[in-house]
Amino acid sequence: DLASERAALLVLRSAVGGRSLLWNVSQSTPCLWVGVKCQQNRVVELRLPGMGLSGQLPAGSIGNLTELHTLSLRFNALSGSVPPDLASCVNLRNLYLQGNFFSGDIPEFLFTLSNLIRLNLAGNNFSGEISSDFNKLTRLGTLYLNDNHLTGSIPKLNLNLQQFNVSNNQLDGSIPSKLSNFPATAFQGNSLCGGPLQSCPHKSKLSGGAIAGIIIGSVVAFVLILVVLILLCRKKSSKKTGSTDVAPVKHTETEMLGEKSVGDGDSTSMGYPIRGAAVLAAAATSKGSGDKRLVFFRNSNRIFDLEDLLRASAEVLGKGTFGTAYKASLDMEVERVVVAVKRLKDVSVSEKEFREKIEIAGAMDHENLVPLRAYYYSKDEKLIVYDYMPMGSLSALLHGNRGAGRTPLNWEARSGIALGAARGIAYIHSRGSASSHGNIKSSNILLTKSYEARVSDFGLAHLVGPTATPNRVAGYRAPEVTDARKVSQKADVYSFGVLLLELLTGKAPTHALLNEEGVDLPRWVQSVVREEWTAEVFDLELLRYQNVEEEMVQLLQLALDCAAQYPDKRPSMLDVTSRIEELCRSSSQHEQEPDHNIINDVHSVDSGAPVPSVVD
Ligand SMILES: Nc1ncnc2c1ncn2[C@@H]1O[C@H](COP(=O)(O)OP(=O)(O)OP(=O)(O)O)[C@@H](O)[C@H]1O
């Protein structure tokens, strides 16, 4: 009953929180104490994050709170082992113990808590192996074991995990296939292989005879394939005159775009296949198009031309939905010019339509858009030249280098990026009711040296065929969009809402959360907010900023409004921009005091009132 639960809480307080838990013990009910939540006169939640609790959890305290469904003791200085009488809390659904000094094996009794949905043991001193008994927790969706001293291999887990992280332990062996959809960051800092990391070395158990058989078989097959290829090539070259076909671009780290190879797709230079040169050389010699020069937009000066691009050294930046992007460095007479060149694939519109549409995109001019400089069109090649953005994309900033050495992205930077991106998209929408971006996502929000956001890739969705829609845009795509070309302003608003959620939670919508049941970021946030205190969804880096809690919740609300299922329910980008402007104004009025001692800060966010209204 409540009286014995009150007594149990007092045992806890005197053991680990004598000075920091300022509970009014003259009150007969514990339900009014900070961090304690009751339902039907029983304690169901105990949340004491960052309360400066230290020492060992005593037996006979939390174990007596048998109706408990959420226990959060994160970011304290608790040590020793987790007391086994916690096994009595059979209703426990959420257990957050991260950021303490708990040690020993991962406690066995945890595997009897069959209602657990979220378990976070990260940032402790747990050692020993990860037990396959985790499979007994059939409801588990979140499992964080990162930043401990765990050893051995990762067992096969047949769970429907939406969040998983074991980075920075001492694990080895291969990543089980069921977990291989999680990003590399979930595993780094171990000696693991397979899945998103480099593949594991093969161990051969074949006999010498079998190996010899395989080698002979392979050689015969290789010779046969070679003969067929030679025959095919002969046939093809006899049909073609002045071929303009281009070999697909391979991801060499550095490629020469040009030099002596113009018009010679097969030559090599510096030991690399000159694939960039092949691309552009083919472009330069191809028939069927009028102008063979780069077409520059508006007031962009013609400071370089196609030949200069051919000569430039180039680096592959990445492969996207619409093609491959390169960084090209051109040594011009006056200065060194660095540009990003996108080689488009799957262009589905006619030359006339392409030129019309790219001119519309090129005419857009706003401080929050990546300037489009020039384009090149031929039958076989379509290139677009942008300003190169040295700080890379928001996606890389948020999800790259999550380990040591990472610069945390504070609230000021995140809200500023949100505002810049919103302004850029609002500008695109202001160009007419049919004007939309069509591919809003964090890798298309690029950053200047001062972390100002610039939207990239606008207008490209209208040029390509429906095939150019890999799954990775799915996390951002509005539910009503079935054909990637039929984009709309309201669909952009949805994608922008997902982008805001990504900024606030630090989670990539395209990876960990998407499981077979299609749990996407908006739905995940809604479910957490509905059940939990809102603070649980925010990126830990943001929780350092206690004095902007109000604004963070407002931005979360706005993000969920944007990601509404029905387009009519979503605000316009103009509304979105003014709401972000408003909350940036109010947060800049608070003095930003990023206290690097998380322990002192987190609790004031987490111990605020629950905010279920966020999803209403
Ligand atoms: N102008 C640029 N300056 C610097 N980096 C860029 C520039 N344009 C693109 N990139 C980076 O190059 C990589 C590939 O970009 P690309 O736009 O081709 O693909 P994507 O953004 O991953 O997907 P999508 O094609 O759907 O937009 C991304 O990491 C992107 O951030």
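What follows is a quick chat about the model, from its overall make-up to single residues.

Reply: This is a predicted model, so local features need pLDDT of at least 70 and side-chain atom pairs count only at pLDDT 80 or more, while totals for chains, interfaces and linings use all residues. Residues are numbered from 1 along each chain as its sequence is written.

Me: How many helices and strands are there in the protein?
Reply: The protein has 12 helices and 25 strands. These are DSSP runs numbered from the N terminus: H or I of at least four residues for helices, E of at least two for strands.

Me: And how much of it is buried?
Reply: Of the 616 residues, 44% count as buried. Buried takes 20 or more other C-beta atoms within 10 Å of a residue's own, exposed takes 12 or fewer, and partly exposed is in between, with C-beta atoms placed from the backbone.

Me: What share of the contacts is between residues 24 or more positions apart?
Reply: 58%, counted among contacts with a separation of 6 or more. A contact is two C-beta atoms, placed from the backbone, within 7 Å.

Me: Which residues have the most contacts inside the largest nonpolar core?
Reply: Ala-422, Leu-500 and Leu-504, in a core of 88 residues. Such a core is a set of buried Ala, Val, Leu, Ile, Met, Phe, Trp, Tyr and Cys residues joined through C-beta atoms within 7 Å. Another core lies apart from it, with 54 residues, including Leu-9 and Ile-154.

Me: What does Leu-504 contact, leaving aside neighbours within four places?
Reply: Phe-538, Asp-539, Leu-542, Met-552, Leu-555, Leu-556 and Ala-559.

Me: Back to helix 10. What is its span?
Reply: Helix 10 covers residues 549-562 and reaches 20 Å from first C-alpha to last, close to the 20 Å expected. The expected span is 1.5 Å times one less than the number of residues. Among its buried residues are Met-552, Leu-555, Leu-556 and Ala-559.

Me: Next, helix 7 and helix 11. At what angle do they cross?
Reply: Roughly 155°, and the axes of helix 7 (residues 411-430) and helix 11 (residues 573-589) come within 9 Å. Helix 7 is therefore roughly antiparallel to helix 11. Axes are lines fitted to C-alpha atoms over the stretch in contact, with angles from 0 to 180 degrees between N-to-C directions. Under 35 degrees is roughly parallel, over 145 roughly antiparallel, 65 to 115 roughly perpendicular, and the rest oblique.

Me: Which residues meet there?
Reply: On helix 7, they include Ala-418, Ala-422 and Ile-425; on helix 11, Val-576, Ile-580 and Cys-584 are among them.

Me: What about Pro-567, where does it lie?
Reply: Pro-567 is in the loop between helix 10 and helix 11. Pro-567 is partly exposed, with 16 other C-beta atoms within 10 Å. Beyond four places in sequence, Pro-567 contacts Glu-480 and Lys-490.

Me: Now the backbone. What is the phi of Asp-147?
Reply: Positive, about 55°, although Asp-147 is not a glycine. Asp-147 lies in the loop between strand 10 (142-144) and strand 11 (149-152). Asp-147 is buried, with 21 other C-beta atoms within 10 Å.

Me: And Tyr-451, what is its phi?
Reply: About 60°, again positive in a residue that is not a glycine. Tyr-451 sits in the loop between strand 24 (445-447) and strand 25 (453-455). Tyr-451 counts as partly exposed, with 16 C-beta neighbours inside 10 Å.
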